[in-house]
Amino acid sequence: ITYQDVVQGDARLFFHHVNDTKIDKRIAVVFRNHAEQPAKITVYQKGISGPGYNYLDIGKAVQTQYMKGFDIENLTVPAHGQVSLVDTVVKPNMLLNGMFDFTSDQPVLVSVMMLPEDMSIKRFLSQANVLPPDQYRLRGTFDGRDRLFIPGKVYDAAADGPVVLTLADNKIDQYLWGIDATDGSRVQNYGNYGVVYKLFLPSEHADKLSVYLNPRGGEYAGAMGVKYRHVTESPVNTPADRLSIGGRTEDGQASYVGTYDAGQSLWLTFSPPGASNLPVKLLIVPESENK
């Protein structure tokens, strides 16, 4: 068992796991109900990709799928029973990545696990232990799954010129602290993986403005949600024209998100993709300086 915790109400599960063994395994996510009555769970938004060897592509696919919006699935976990959300065979060195928003009407134990290919989950759970933490401690339960960004003033292209918003750098934008529920230790979500950022970008006094994403930590591949003029648009892949962008020798590269009329409602949705490097900067540029 790589991680588990009891949750109730609204929650988000983000997992990113590689089969670092020499034989085929299964990666599973299981809801367990220890109560006397059935638990009703609604999964309402998700992204899942893999297993596969191209980790950047998998992380990007998860974000693209998640940003498309609601994808409803209803589950009922019997009293003293269990239901699998994910159960996939993963070959050596393959990655499986998933991001699920769900709500449960009563406490359920959510377990992420890697088990032998030919063993039943019920038998495995009867004998499995929790994997001890490694030096990185990249697991935990964190409050603050959604982060709302609203600028302190309306963007004025004539007065402000090009501006930059920094995301997921642990300085301007702090990483979450939480608890490793398996041993009670305090842990940090280094990268804010699983956190969804909702950014409102009010503007005035310009014909148009353009938005770019600039990765600052290395290779990056993700997706951006866009709601423009109160209409949700299709997710924008970042970058759109190839798998990834950035790298140690390409810090000046930026991925085009879109061009929008000033004075119109514009919301962007961002979440750090698995396997990508952080931080990132969002560049807001007046059309007159778009080159």
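Is Phe100 buried or exposed? Phe100 is buried, with a relative accessible area of 3%. Buried means under 20%, exposed over 50% and partly exposed in between, using a 1.4 Å probe and protein chains only.

1. Basis. This is a predicted model, in which local features need pLDDT of at least 70, side-chain atom pairs count only at pLDDT 80 or more, and totals for chains, interfaces and linings use all residues. Residues are numbered from 1 along each chain as its sequence is written, and side-chain values use heavy atoms, with hydrogens and water left out.

2. Aromatic pairs. The structure holds 10 of them. Rings of Phe, Tyr and Trp (its six-membered ring) pair if their centres lie within 6.5 Å; planes under 30 degrees apart are stacked, over 60 edge-to-face, and the rest tilted. Phe15 and Phe100 have ring centres 6.3 Å apart and planes at 10°, so this pair is stacked. Phe15 belongs to strand S1 (residues 3-18) and Phe100 to strand S6 (residues 95-116), 85 residues apart. Strands are DSSP runs (E, at least two residues), as are helices (H or I, at least four), numbered from the N terminus. Phe15 is buried too, at 5% relative accessible area.

3. A tilted pair. The rings of Phe200 and Trp267 have centres 4.9 Å apart and planes at 35°, so they count as tilted. Phe200 is in strand S12 (residues 196-200) and Trp267 in strand S19 (residues 266-270), so the pair ties together parts 67 residues apart in sequence. Phe200 is partly exposed at 23%. Trp267 is partly exposed at 28%.

4. The largest pocket. About 1,400 Å³ of space lies in it. Its lining has 41 residues; Phe14, Phe15, Leu138, Arg139 and Gly140 are the closest to its centre. S1 gives the largest share of the lining, 13 residues. The lining divides into 21 nonpolar, 12 polar and 8 charged residues. Here Ala, Val, Leu, Ile, Met, Phe, Trp, Tyr, Cys and Pro count as nonpolar, Asp, Glu, Lys and Arg as charged, and the others, Gly among them, as polar. A pocket is an open set of points on a 1 Å grid over the protein atoms alone, where a 1.4 Å probe fits, with protein on both sides within 12 Å along at least five of seven lines; lining residues have an atom within 4 Å of a point. Volume is the space filled by probe spheres set on the points, which are joined across faces, edges and corners.

5. Leu138. This residue is found in the loop between helix H2 (121-127) and strand S7 (146-149). Leu138 is exposed, at 62% relative accessible area.
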